[in-house]
Amino acid sequence: MKDEIRVPVRDLVEFVLKSGDLEVGNFSGQDRARAGQRIHKKIQNSRKGDYQKELPVSRLIEADSFNLNIGGRIDGVFLNEEPVIIEEIKTVSSNLSKYLQNENPLHWGQAKLYAFIYAESEGLDEICVQLTYFELKTARTVEVKKNLSCKELEEFFFLTINKYISWLKKIIAWQNLRDDSLQALPFPHSEYRKGQKELAVAAYKIIRQSGQLLIQAPTGIGKTAATIYPALKAMGQRYTEKIFFLTARTTGKQAAVKTMQLLQKSGAAVKFLVLTAKEKICFTPGTECSAAECKFARGYYDRIEQARSEIFNFSSFTRKQLEIVARQHQVCPFEFSLDLALWSDCIIGDYNYAFDPRTKLKRFFGEDKASVNSDYTFLIDEAHNLVDRSREMFSAELRKQDFLQTRRLFKQELPELHKAMGKINNWFLKSRKLYLSEQENESSTELPKSLLPLLNNFLNLSEGWLSQNIRTNYRNALLEIYFLTHRFRKIVELFDENYTVYYVKENLNIMVKLFCLNPAKQLENALKSAGSALIFSATLTPLKYFKEILGCDEKAETATYPSPFPRENLQVFLENKISIKYKNRKLTLEQLTDLISSFIRSKKGNYLIFFPSYEYMNQALELVIGENPEIDFLVQTSGMSESEREDYIAAFSHDNLRTTAGFAVMGGVFGEGIDLIGKRLDGAIIIGVGLPGISFERELIRDYFNRKGKGFDYAYKFPGITRVLQAAGRVIRTETDRGKILLIDERFSNYAYRSLLPQDWQIRSIGEKVRF
C-alpha cells in the first residue's frame, strides 16, 4: 500500500504561493488568531437561509509512490445561490484597501482550491468564489466575488499541487533512503560501554510503546549516543516521525551534533537541524525585521525555494551551513532555520522551543495542532535543569517604572494610550500602599483582578496603533512593554492553585509577579505534544521527585544505571566534623581553610573548590591564597563574560608546572557542563550540601509543598543534592581518568543526605588513618 500524506489546503497554498517580503517586524497583534476565530463565528452565524458553515472537504491525489490527501473546512457555502457561492473569511488588522486593490495570492489561492474540490464533488460547471474581508480596526466588512468555471479552477488546482508534489517526491525519496539506512545502522562505536546497551534497549522499547522514561545515568556512560541511536532506529521503522533533542546548555547541543555526525559517518542518512537563537544568528543585529530595514527580509519568499533546494543537498543543517546558504541567497537565517524544521528528521535546540509559551515552535506545538499522541519523540538532556527553567517559562512579571518611563515618550502623540498607562501606574501606587507599606514583599493566592481590565485596555489601544506599523523613536519601547504585558495576560490564563502572586518593593519601583510554584501541570501538557519522551541526566535524584515535578505520566518508567568506570578510579573522602551551616561558618572558617590547603597540597595537580555562595567563598579565599603562595588560584566572579569563562577553563591544563586551584560556586557555570578530561582536573572539594540560598521565592516554594509534607525537600534539599552531584561529576569524565573528591559538611553523615549519594561511591571519613 502507498503511504498517504495529508496536507491542509492552507499549508499547501502557503508553501507554493507565498511570495514577497518577510514582515516579522510588522505588527499584527498577538491574539489575531483568536480574534479571527471570533469574527469567523460572528459572520457565519449572521448568514441566513440555506448556508452551510465549516463544511469539511478533501481530494485524494494519486502520485507514483504516495497518495496526497488535500483537505480542510470551507468557511461557508451558500447552497441556494445561483451559482453556488463558496465563502472564505479573512480578518485583517488594518489597511483593507491594500487587499482590495491588489489580490492576495494566498487568500484567493485557498478559496479557489476549496472551490474546485467542492465543485468537482458536486458536479458543478461554475461556482462563485467570495472573499469576505473584515477589518479589525474599523469593523468594516467587504465582500469580493468572482464567478469561475470548474475548468479554470481545475487548471489552477493541478498547477498548484504539482509544484507541491514535485517537492514531496524529493522528500519521500529521501525518507525511503533514510529508513533503509536506519534499519541497517550499526551502533557508532566499536563496543558499548557498561550499561550503555541496556539503556539504549530500554529507550527503544519506550519509543515503540509511546511512553516516557526517566533515566539517571552517570557521566561517561554515553547518554547522548544511547538515546539518539535508538530514536533513529525507531524512526527507521516509522515509530516516530521527528526527534527533538532538547537541552539547556551549548555543551549539550555540541554533544548532540557530534553524535549525529558520527552516526552519519556510520551510515545514517538523516538530516538534522541546529536551532540558534535569533539574536545570535541575525546578520543585521539591531535592525528591525522588516523589508524596509533588512535586505534579508526583503523578497524573502521569492528566494526561499532556491535556498531550500540548495541546502537540502546537505545532511547537517548546522549554524555554519545555514549561514553560508542564507547569505548566498540573501534570506534571513533564523526564519530559514524555522522553515527547515518542517523537513528535518532531528531538531537540536533549547528547551524553550518545545516548552516555553512564548517561543515554542508553533508549527509543531501551536494551539491549532494536535495536543496528544503525536509521532514526535522528545530527548530531554540534563533534565534536572528543566525544573527551574520551566518555572521561569510559566511565570510573568510587570514593573511600575516600565509603564511610567514609556508613557513619557508619547504624551502628546498618543494621549489615549498615555492615559491608559497612567492608570496602570496608579494601580501600582495603590498596591504599594495595600501590600508593601510595612514590608518589602508580600504574596497572595488571588489574582490582581483590578489590574486586568487596565491591562486589557492598554493591550487593545497598543494593538490599534502598533498595527499601523508607523516607525517612530518610541515604537520599540512600546513594543517591548506590549509583549511583557501580553505575556503577563497569557500567564493569567494558566493561573491556578499551582501559582501565587507576589509584590516586591524595589526602591522606587514596584513589581508584581505571577510565579509558577509547581510547573508539573504545564510540563505535563507540553509532554503530551510528544508521543514518547526520554528524560535523562546524571542527577535525577530522587527519581520520584523528578517524575512528579516534571509532569510525567503516572505510567512513566524510571531507570538508574551505575558508573561504567572502575570504582577505584574515584576516591571519595568525607569530613563530617565541620559545620557549614550559616550560623556556624565564622566559627569553622579556619578549620575549613586548613582542610582545603591540605587537600590541594597533597599532590601537584588541578583542583576545583566549590562553595555554596559567593559570600562564603570570598571569606575563605583570602586565607587559602595567603597560606599557599606556591599555588596558582582562579576565582569565579558574578557576571563573568564568555571570554573570561573560557580563560578560566583554559587555565586547567594537563601540563601546568604548578598546582592550579579554582574557586567556584555550586550551581554556577563551572558546576556543570564542563569537560576537564584526564590530568586537566585531579580533584574537587565540595563544601556544603548545595542548598539554594534562602530567598522569598524559595520560601514560597517551600510553603506550597509543605501542604504535601515535602516543603524543605522540594525547595532546598533535592535541588541542593543535584548541585553536589553535578559538581562531583566534573572529576571523572572518561575511563582513563583518576581523581578524588572531598565532601565537607556534617550533614553528609545524615541518612537523609547520605542516601541520595551514588551507591557506588566508596566514601571514607577523614581520620588519623585516612590521608589524601
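Alanine 139 is partly exposed in this predicted model, with a relative accessible area of 48%. That value falls in the partly exposed class because exposed means over 50% and buried means under 20%. Alanine 139 sits in the loop between strand E5 (126-135) and strand E6 (140-149). Its phi is positive, about 60°, although the residue is not a glycine. Most residues other than glycine have a negative phi. Glutamate 54 belongs to strand E2 (residues 51-62). With 31% relative accessibility, glutamate 54 is likewise counted as partly exposed.

The backbone also contains cis peptide bonds. Most peptide bonds are trans. Glutamate 82 and proline 83, however, are joined by a cis bond with omega of about 0°. Proline 83 is placed in the loop between E3 and strand E4 (85-92). Another cis bond links threonine 541 to proline 542, and here omega is about -10°. Proline 542 lies in the loop between strand E17 (532-537) and helix H21 (543-549).

On the scale of the whole protein, 27 helices and 25 strands are present. The C-alpha trace spans about 100 × 70 × 50 Å along its principal axes. The radius of gyration is 30 Å. This agrees with a compact globule, because 772 residues packed in that way would give a value near 28 Å. Buried residues account for 56% of the 772 residues. Among contacts between residues at least 6 apart in sequence, 78% join residues at least 24 apart. The accessible surface comes to about 35,500 Å², and carbon and sulfur atoms contribute 47% of it. Charged side chains number 108 positive and 96 negative. The centres of the two sets lie 3 Å apart.

Helix H1 (residues 9-17) shows how burial is arranged locally. Its buried residues are Val9, Leu12, Val13, Phe15, Val16 and Leu17. Viewed down the axis of H1, they fall within an arc of 165°, so they line one face of the helix. The cover over these residues includes strand E1 (3-8) and strand E3 (66-78). Helices H4 (105-122), H5 (150-183) and H10 (300-311) are also among the covering elements.

Tyrosine 204 is found in helix H6 (residues 196-208). Beyond its neighbours within four places in sequence, tyrosine 204 is in contact with Pro230, Lys233, Ala234, Gln237 and Tyr239. Methionine 640 is 436 residues from tyrosine 204 in sequence. In space, their C-alpha atoms are 41 Å apart.

Definitions and conventions
Residues numbered from 1 in each chain as written. Predicted model: local features only at pLDDT ≥ 70, side-chain atom pairs only at ≥ 80, totals over all residues. Heavy atoms only, no water. Helix = DSSP H or I, 4+ residues; strand = E, 2+ residues; numbered from the N terminus. Rg over C-alpha atoms; globule rule 2.2 N^0.38 Å. Buried < 20%, exposed > 50% of the residue type's maximum accessible area, 1.4 Å probe, protein only. Contact = heavy atoms within 4.5 Å. Areas by Shrake-Rupley, 256 points an atom, 1.4 Å probe, with all protein chains shown as cover. Lys, Arg positive; Asp, Glu negative; His and termini not counted. Charge placed at Lys NZ, Arg CZ, Asp CG, Glu CD. Arc of directions from axis to C-beta.
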